[in-house]
Amino acid sequence: MASATAFAKAFPKQFVEVGIAEQNIVGIAAGLAASGKTPFVMSPACFLSMRSIEQIKVDVAYSKTNVKLIGISGGVSYGALGMSHHSLQDIAVARAIPGLDVALPADEHDVRNLIRTLADFEGGDYIRIGRNPVPTVYESDETPFEFGKAVTLVDGGDATLIGTGETVRIVLDAASILARDGVRCRVLNMHTIKPWDEEAVLKAANETGYIITVEEHIIRGGLGAAVAEVVVQRCPVPMKIIGIRDEPAVTGSPSEIFQHYGLSAENIRDVTKSMLGREGDIA
Amino acid sequence: MVDAVPPKGDFLRRKASQIRMDLLQMIYHAKAGHTGSSLSDTDILTALYYGGVLRVQANNPKWPLRDRFIRSKGHAVEAFYCILADLGFFPKCELETYSQYGSRLIGHPNNKVPGVDMNTGALGHGLSVGVGIALSAKLDANAFRVFVLMGDGEQAEGSVWEAAMAAAHYRLDNLIGIIDWNGLQISGRTDEVMRTDPLDGKWRSFGWHVELAMGTTSMK
């Protein structure tokens, strides 16, 4: 479970409690950063990315303060609690703000590496992490987190599957079952949405000819849109954007919501095969 | 009662008049600006910058131990720019570029300009930033102080009160909030738009030490 209690107990002098005040927490963090500190702001992503977005725009991005905004319990982590608690617009909002970096680590190893990188990385950042335990993508902390550099987890030439955050594990599983059916997919962990790895997208379009994006986010303005902006302007190829439909998301457990919107290895397999016209292919 | 412009001969009054002339010229030249609001707080700024209150260095604007000034009522930038130029933070001739294409002297304070600590312009932000800076000073045992200038119309922003609460919670006696209580905002008389009275009572109830000054209210 996402909580700062252990940190607060271990480092009481480095912990500032602000209460239920999302605008204030970002302003205070900007003030701390303006005085040379490196504040990490922790708040549920649904509130941090909406309630305090003007403070993020003006006090962090525009004022160029070194504030690390960590949106916890992101996406549909609070599955049963409804739209007020889902953060499914945060990628779209955050990536539209000049001067704000945006990243979604894929698993605990990515998170650890990202936090280490962030501590030495000058600039305002919005990071979305989840709440519940997730299966890992990596086996260790060995793969460094390089801002703005997509990680190719699997190489392949038939199509490219791109995930971000918790969907990376799912596209990896989809690639495995597709490989059993003879479809070789490239898998990208697009952990950074800004700065954006345009070259990785371009290479995927050029070399594989088909792109499927999968995100725990509304289908407007998120990962798929960011990929499409590159594809349509520089190398048009067929694309599919899998994500949450433009509606108040259905409620239930996060895995039920993922299933409902096709954020599953099986659906990604079906969508990929249908795109490639290889529905009948079975190894 | 504290006079907003304490008598120091006639120096401060003459300085405030000069700044008013400068800002009117700047606004006339640019054909844009927040005239009323800037004229309204010129005395406060003059007292801060020329009355021996703010410890800042024009030739060393990033001096780490300087007092910080956050202009939370960011729309009224003109008097601020005129004073910074007058003190030598940047050349006075640059005032002619105010509001022009590509100028760093844009219509709201911005920290590309020497002497400006934070970008403001969206109301209700400055006091939270001030709380963060004041907290940082306490953590590092630095003696500098943080001054935040707000408008009275700005008091309708809920985030002001989030910050007011936090400042008292953390006992930030190095944070001074100043309200330019001029009774007016863009859409009319402040108390008709949204009643703030008793404004001093509200701040006292949030744990602040409040002092009323001539024509203005300064709080710390």
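A salt bridge here is a side-chain nitrogen of Lys or Arg within 4 Å of a carboxyl oxygen of Asp or Glu. By that rule, the interface of domain 1 of chain B and domain 2 of chain B has zero salt bridges. This is a predicted model: local features need pLDDT of at least 70, side-chain atom pairs count only at pLDDT 80 or more, and totals for chains, interfaces and linings use all residues. Residues are numbered from 1 along each chain as its sequence is written, chains are lettered from A, and side-chain values use heavy atoms, without hydrogens and water.

**Domains of chain B**
- An automatic or database assignment gives domain 1 (1–59 + 75–120) and domain 2 (122–220) in chain B.
- Their centres, taken over C-alpha atoms, lie 20 Å apart.

**Domain interface of chain B**
- In contact (heavy atoms within 4.5 Å) are 16 residues of domain 1 and 15 residues of domain 2.
- The two domains bury about 1,300 Å², with 67% of it on carbon and sulfur atoms; buried area is the accessible area (1.4 Å probe) lost on being put together, summed over both parts.
- The domain 1 side that touches domain 2 has nine nonpolar, four polar and three charged residues; Ala, Val, Leu, Ile, Met, Phe, Trp, Tyr, Cys and Pro count as nonpolar, Asp, Glu, Lys and Arg as charged, and the others, Gly among them, as polar.

**Chain A**
- DSSP runs (helices H or I, at least four residues; strands E, at least two) give chain A 11 helices and 10 strands.
- The C-alpha atoms of chain A fill a box of roughly 60 × 35 × 35 Å along the principal axes.
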